[in-house]
Amino acid sequence: IADPVHLLTDSFGNNNVLEEEINLLATTTGYVGFSNDAVGGSSITEQAARFGLYAKWWGRTLVIMDGGFDGTVAQAKTAITSIVGRLTHDRWVYVEASPQEQADGTPGRTTFDAAVAEIATHCGAHYLPTIEPILTGGFDDGSANDLADIANRIWPRSLRSDGIHPSVIPN
């Protein structure tokens, strides 16, 4: 039995993607228990405050995801430091945020990429990239829409449940 996992997320944790990945892990490693604290529209600062209230989660392997990153880098770094400081171990990851529909090279995306790079540096080896593996992993459906999204370096439409939220990757 693997260590239980706690998912601390915003709305990106409500679409069963992370649960599907944990279930895949469970088929290869045995039972993996998990809890999910996904509150849509919550910021990383609010996630840190929620996490601080429940010591029962501090011993679990932690997946932090602020998929719709909407704060400042300073707020994110402070929140991540607060969250990780409560853990009783070093088993955690910070999942890369989604650029949503901001195409590569646009001012919004340039700002987003700079923020993500700084957060990645702050998290070090605990940072889990998602965009590059999705864009280069051959998961798209080959449609014109998906190929345009890949060219713009955003999640392919066939892998989103709506405009911004990833869906489960097909087998």
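This is a predicted model: local features need pLDDT of at least 70, side-chain atom pairs count only at pLDDT 80 or more; totals for chains, interfaces and linings use all residues.
To start with the overall layout, the protein chain holds six helices and five strands. Reading along the sequence gives the pattern β-α-β-α-β-α-β-α-β-α-α. The chain has 171 residues, and 44% of them count as buried.

The crossing of H2 past H3 is left-handed. On the H2 side, the contact is made by Ile44, Thr45, Ala48, Phe51 and Gly52, and these meet Gln75, Ala76, Ala79, Ser82, Ile83 and Arg86 of H3. Sorted by type, the residues of this H2 contact with H3 come out as six nonpolar, four polar and one charged.

H3 also packs against H4, with axes that come within 10 Å and cross at roughly 25 degrees. That angle makes H3 roughly parallel to H4 as well. Here the crossing is right-handed. H3 contributes Val73, Ala76, Lys77, Ile80 and Thr81, which meet Ala115, Glu118, Ile119, His122 and Cys123 from H4. The residues of the contact of H3 with H4 split into six nonpolar, two polar and two charged. Ala76 of H3 turns up in the contact with H2 and again in the contact with H4.

Now for the nonpolar cores. The largest one has 29 residues, of which Leu62, Ile83, Trp92, Tyr94 and Ile119 touch the most other members. Two or more residues of this core come from each of H2, strand E3 (61-65), H3, strand E4 (92-95), helix H4 (107-123) and helix H5 (131-136). The top contributor is H4, which gives six residues. Trp92 is worth a look on its own: leaving aside neighbours within four places in sequence, Trp92 is in contact with Leu62, Ile64, Ile80, Val84, Leu87, Cys123 and His126. There is also a second, separate core of five residues, including Val5, Leu7, Val63 and Val95.

Asp37 is 13 residues from Arg50 in sequence, and the two are 8.6 Å apart in space, C-alpha to C-alpha. Leaving aside neighbours within four places in sequence, Gly52 is in contact with Trp58 and Arg86. Arg86 is one of the H3 residues in the contact with H2. Gly52 and Gly85 are 33 residues apart along the chain, with 9.8 Å between their C-alpha atoms.

Over in helix H4 lies Ala117. Ala117 counts as partly exposed because its relative accessibility is 43%. Ala117 is 44 residues away from Val73 in sequence, while the C-alpha to C-alpha distance between them is 9.8 Å. Val73 itself is among the H3 residues that meet H4.

Most residues other than glycine have a negative phi. Gln100 is not a glycine, yet has a positive phi of about 55 degrees. Gln100 lies in the loop between E4 and H4 and, at 25% relative accessibility, counts as partly exposed. Arg153 is another residue other than glycine with a positive phi, in this case near 60 degrees. Arg153 is found in the segment after helix H6 (144-151). With a relative accessible area of 27%, Arg153 is partly exposed.

Notes:
Residues are numbered from 1 along each chain as its sequence is written. Side-chain values use heavy atoms; hydrogens and water are left out. A crossing is left-handed if the near helix is turned anticlockwise from the far one by less than a right angle, and right-handed if clockwise. Helices (H or I, at least four residues) and strands (E, at least two) are DSSP runs, numbered from the N terminus. Contact means heavy atoms within 4.5 Å. Ala, Val, Leu, Ile, Met, Phe, Trp, Tyr, Cys and Pro count as nonpolar, Asp, Glu, Lys and Arg as charged, and the others, Gly among them, as polar. A nonpolar core is a set of buried Ala, Val, Leu, Ile, Met, Phe, Trp, Tyr and Cys residues joined through side-chain atoms within 4.5 Å. Buried means under 20% relative accessible area, exposed over 50%, partly exposed in between (1.4 Å probe, protein chains only). Axes are lines fitted to C-alpha atoms, for helices over the stretch in contact, and angles run from 0 to 180 degrees between N-to-C directions. Angles under 35 degrees count as roughly parallel, over 145 as roughly antiparallel, 65 to 115 as roughly perpendicular and the rest as oblique.
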